[in-house]
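Reader: I have a new model open on my screen and would like to learn how to read it. Could you walk me through it, starting with how helices cross?

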Amino acid sequence: MYVNDGKHELKIFSGSSNPKLAEKICEDLGIELGKLTLSHFADGEIGVRVEESVRGKDVYIIQSTSNPVNDHLMEALIVIDALKRASTHTINFVVPYYGYARQDRKNRGREPITAKLVADLIAVAGADRVIAVDLHAAQIQGYFDVPLDHFAAGPILAEYFQDLLKDESKDDWVVVSPDLGGVTRARKLADILDLPIAIIEKNRPRPNESEVLNVIGDFVGKNCIIIDDIIDTAGTITNAADALVSRGAKKVYISATHGVLSRNAVERIENSSVEACVITDTIHLPEEKKSDKIVVMSISKLIAEAIKRINSNTSVSGLFNK
């Protein structure tokens, strides 16, 4: 249980994107979730009222900017502004899933870098610190003009596979990166599980579509774990899974930190050769998207421990690789 250092009381509030995760974090810390009323005016404008005093307190807001992205982002900015005007000591924005992260650079002329724009909006709104999980690109950390703590969910995803590997020979397993850009992520999971890696070389003719050109590494006759940061429409990753099976893989598991699961993603996963899809609860999984193939691991303990250490002014560096 969290024990306050006596300097500034800790309060946690939740936006509407993932209140269940916020409740789990509060449960892990042994505190109650703060009282916050969210509403909408007739024209769609968002209304916010903080229902308790936060003067002089260290406040943490839990809000993923997931679908509907713009509503959840704007809601978070308004909550931050409300808390700033209520004379808090610090405002810490916990954004388990950072939307717009895939727009992190210009691929062509006259395109925005929206990941930077959102970082600026968060800082201008009044956030003193940001806590994020598995940003799509590492350089996004540099987009913020306020301190940012960036944590990886790989060790949490690894817990699922460690249970599978208990009675299995590690010679029969391999971690697979879905593309050349994901090699670092795959290597980290492989190091945790003590497994080799393979790499898929693919071509992406258009957004959310890809074709497998080649697989680098030994995967034939082995169980494969494809690791990515985001599963959006699931087209790319299920295509990769089917390609591995058609080329000789035994079983294929897919995993990612953020289960965006847009459009018919769940249907694609169910109809693919995937054995299981392992994600975390950075994004709330509604009932209509639940499936026997989808396994959800919670990041609540990681975030709770980060909040506890930040609020007691102790080092968080030991959590970066957990």
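Author: Happy to! A crossing is called right-handed if the near helix is turned clockwise from the far one by less than a right angle, and left-handed if anticlockwise. Keep in mind that this is a predicted model. Here α4 passes α5 in a right-handed crossing.

Reader: Which residues of α4 and α5 meet there?

Author: From α4 come Gly 154, Pro 155, Ala 158, Phe 161, Gln 162 and Leu 165, and they meet Leu 189, Ile 192 and Leu 193 of α5. Sorted by class, this contact has seven nonpolar and two polar residues, with no charged ones.

Reader: And how is such a pair of helices described?

Author: Two packed helices are described by the angle between their axes and the distance between the axes. For α4 (residues 154–165) and α5 (residues 183–193), the axes come within 10 Å and cross at roughly 45 degrees. The two helices are therefore oblique to each other.

Reader: Let's turn to strands. In what order do the seven strands of the open sheet stand?

Author: First the general idea: strands of a sheet pair through backbone hydrogen bonds, either parallel or antiparallel. In this open sheet the order is β10-β9-β8-β11-β12-β13-β14, with mixed pairing. At the edges stand β10 (211–216) and β14 (294–297); each has a single partner strand, so one side of each is left without a neighbour in the sheet. On average, neighbouring strands are turned by 25 degrees against each other, direction ignored.

Reader: What packs on this sheet?

Author: Helix α6 (residues 235–246) does, touching β8, β9, β10, β11, β12 and β13, and its direction makes about 170 degrees with that of β11. As for β11 (residues 223–231), this strand pairs with β12 (residues 252–259) in the parallel sense over seven bridges. Within that pair, Ile 231 stands opposite Gly 259.

Reader: How do I read the two faces of a strand?

Author: In a regular strand the side chains alternate between the two faces of the sheet. Strand β4 (residues 58–62) pairs with β5 in the parallel sense over five bridges, and Ile 62 stands opposite Val 94.

Reader: Where can I see an antiparallel pair?

Author: Look at β2 (residues 36–40) and β3 (residues 46–50), which run antiparallel and are joined by five bridges. Ser 39 stands opposite Gly 47. Their hairpin has five residues between the strands, and Gly 44 takes a positive phi near 100 degrees.

Note on methods: Residues numbered from 1 in each chain as written. Predicted model: local features only at pLDDT ≥ 70, side-chain atom pairs only at ≥ 80, totals over all residues. Heavy atoms only, no water. Pairing = 2+ DSSP bridges. Helix = DSSP H or I, 4+ residues; strand = E, 2+ residues; numbered from the N terminus. Axes fitted to C-alpha atoms, helices over the stretch in contact; angles between N-to-C directions. Contact = heavy atoms within 4.5 Å. Parallel < 35°, antiparallel > 145°, perpendicular 65-115°, else oblique. Nonpolar A, V, L, I, M, F, W, Y, C, P; charged D, E, K, R; others polar.
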